[in-house]
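Please look through the sequence and the model shown here before reading the briefing that follows.

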Amino acid sequence: MLRFIRIWILSIFLLSGCATQAPNDAWYRSGRYAVQFIGLISAKAHEVVPIQLAFIDVGEPRRSSEIQFNQLTLLSDKGELSTQSVTLTPSPATTNYRFFSVLAMLDGLEPGMYRFSQVRYVDEQQHEQTLSVGDWELSILDLPTAPLKMGSHSVLTVGKPERFEVELINPTDQSIRVFDSTINSSTYPLSASLHLAQDGATAMQPVLGDAPPQPIQPLSSVTIELQPQQTQTIFFQLHGIEQLPTEFLVIQPLLSYQQAQNPRQQFILPLQVFSPPFLDDGAVLKYLDFLPVGAFHE
C-alpha cells in the first residue's frame, strides 16, 4: 500500500507549483518525455524488483488521452528484463502537459549486477516505443531471510535527496545490531549514515501544502542496537549527493545487521524516490531542454 501512495505523491509533487499555466504557442514539441533518474537498486535474488519511472506528456493527444504502458521491458547489459506488473499514476493535466509515474515490478533475477538506461513498451496506439530513462544499476544479491521486519510508520520521500526514514522491528528474542546503510553502485559514491531523532523532533519531510518543517537535530550513531521485540524509527542521512549529475534519484539501499553473535548480514530497505518539484512552466521547459534525444517520442 505504501508504494501506491508513494507514486501518487510523486506525480503530484512533480506538478507542485505548476497549476496556473497559460497556453503557449512556443511550447515544446508534442509527445512523451522521460524523466532521467539515477537508479541504484539493491534487491534479493529471485524476488520482484521495484522500478520507479516518471514521464511528461506534452500537447495533444498525449496530454489528455488514456495512458497505456504495456509489455514494459528493461533493455539491460545482460539482455531484456521483463516486468510482471505496471501501476500507472497520472497527475491532473495542465494546459500544456501532465506528469505520470510508473511503478514496475520486475521479475526476479539471478544474483549479479545489471545496468540499463532504456526501456521498451507498447503505447496507446499499439506502437512499440523505446525511451532513455537515465542511468540504472540493479545489484541482485543472494541473501538469507532477515529477522528484521519493516514497520508501518515511514515518511514518504519527496523533494531533494537528503535523507529518509524507516521503522524497524526486531520481533525475535535476541538483540540485533544495525549499522550504516550501503547504496550499491559502481559509479556513484553514495552512502547513508544512521541517526536517532531527539525527542520532539519534527517530521523530516513536509506534507504537501504545509510550511517546511524545522530541521531535525539527530543523534548520530555508528550502530544502533534493537532489543528483543523493540520497534525503532531510524533516520538515514545521505552522503555524496553533491557529486551526482541530477537530483532525480531512486534508491533501494541495504542495511547491515548482526543478530546476537552471528555473522553480519544485509537487509533490503524500502524503495526511496527523490524528485524535486517543478515550480513553474519555465522550470519544466528548462528540464525538457536538458533531456537527451532518446528521452522523447511522439
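In this predicted model, Phe55 and Phe69 are both buried, where buried means under 20% relative accessible area, exposed means over 50%, and partly exposed covers what lies in between, with a 1.4 Å probe and protein chains only. The model being predicted, local features need pLDDT of at least 70 and side-chain atom pairs count only at pLDDT 80 or more, while totals for chains, interfaces and linings use all residues. Residues are numbered from 1 along each chain as its sequence is written, and side-chain values use heavy atoms, with hydrogens and water left out.

**Aromatic pairs**

- The structure holds 15 aromatic pairs, a pair being two rings of Phe, Tyr or Trp (its six-membered ring) with centres within 6.5 Å, called stacked if the planes are under 30 degrees apart, edge-to-face if over 60 and tilted for the rest.
- The ring centres of Phe55 and Phe69 are 5.0 Å apart and the planes stand at 45°, so this pair counts as tilted.
- Because Phe55 belongs to strand β3 and Phe69 to the loop between β3 and β4, the pair ties together parts that are 14 residues apart in sequence; helices (H or I, at least four residues) and strands (E, at least two) are DSSP runs, numbered from the N terminus.
- Phe248 and Tyr287 also form a tilted pair, since their ring centres are 5.2 Å apart and their planes are at 50°.
- This second pair links distant parts of the chain, with Phe248 in the loop between β15 (231-239) and β16 (249-252) and Tyr287 in helix α2, 39 residues apart, and both Phe248 and Tyr287 are buried.
- A cluster connected by ring pairs takes in Phe37, Tyr97, Phe99, Phe116, Trp136, Phe248, Phe278, Tyr287 and Phe290.

**Nonpolar cores**

- The largest nonpolar core has 48 residues, of which Ile51, Phe55, Ile56, Trp136 and Leu138 touch the most other members; such a core is a set of buried Ala, Val, Leu, Ile, Met, Phe, Trp, Tyr and Cys residues joined through side-chain atoms within 4.5 Å.
- At least two residues of this core come from each of β1 (31-34), β2 (37-44), β3 (49-58), β4 (70-76), β6 (97-106), β7 (112-122), β8 (128-141) and α2 (281-290), and β6 gives the most, with 8 residues.
- Leaving aside neighbours within four places in sequence, Trp136 is in contact (heavy atoms within 4.5 Å) with Phe37, Gly39, Ile41, Ile51, Gln52, Leu53, Tyr114, Arg115, Phe116 and Val250.
- Another core of 28 residues lies apart from the largest one, and its members include Tyr188, Leu190, Ile234 and Leu249.
- In soluble globular proteins, nonpolar side chains tend to be buried together.

**Salt bridges**

- A search of the whole structure finds 12 salt bridges, each with a side-chain nitrogen of Lys or Arg within 4 Å of a carboxyl oxygen of Asp or Glu.
- Asp123 and Arg62 are joined by one of them (3.0 Å, N to O), and as Asp123 lies in the loop between β7 and β8 and Arg62 in the loop between β3 and β4, the pair ties together parts that are 61 residues apart in sequence.
- Asp123 and Arg62 are both buried, and both belong to a network of salt bridges that also links Arg32, Asp57, Arg98 and Glu124.
- Asp135 and Arg115 form a salt bridge as well (3.0 Å, N to O), with Asp135 in strand β8 and Arg115 in strand β7, 20 residues apart.
- A salt bridge at 3.7 Å, N to O, joins Arg120 and Glu128; Arg120 is buried, with a relative accessible area of 17%, whereas Glu128 is exposed at 58%.

**Charges over rings**

- Lys78 lies over the face of Tyr114, at 4.9 Å from the ring centre, the criterion being NZ of Lys or CZ of Arg within 6 Å of the ring centre and within 35 degrees of the ring normal.
- The charged end of Arg264 is placed over the ring of Phe179, 3.5 Å from its centre.

**The chain as a whole**

- The secondary structure of the protein chain comes to 2 helices and 20 strands, and 52% of its 298 residues count as buried.
- Among contacts between residues at least 6 apart in sequence, 76% join residues at least 24 apart.
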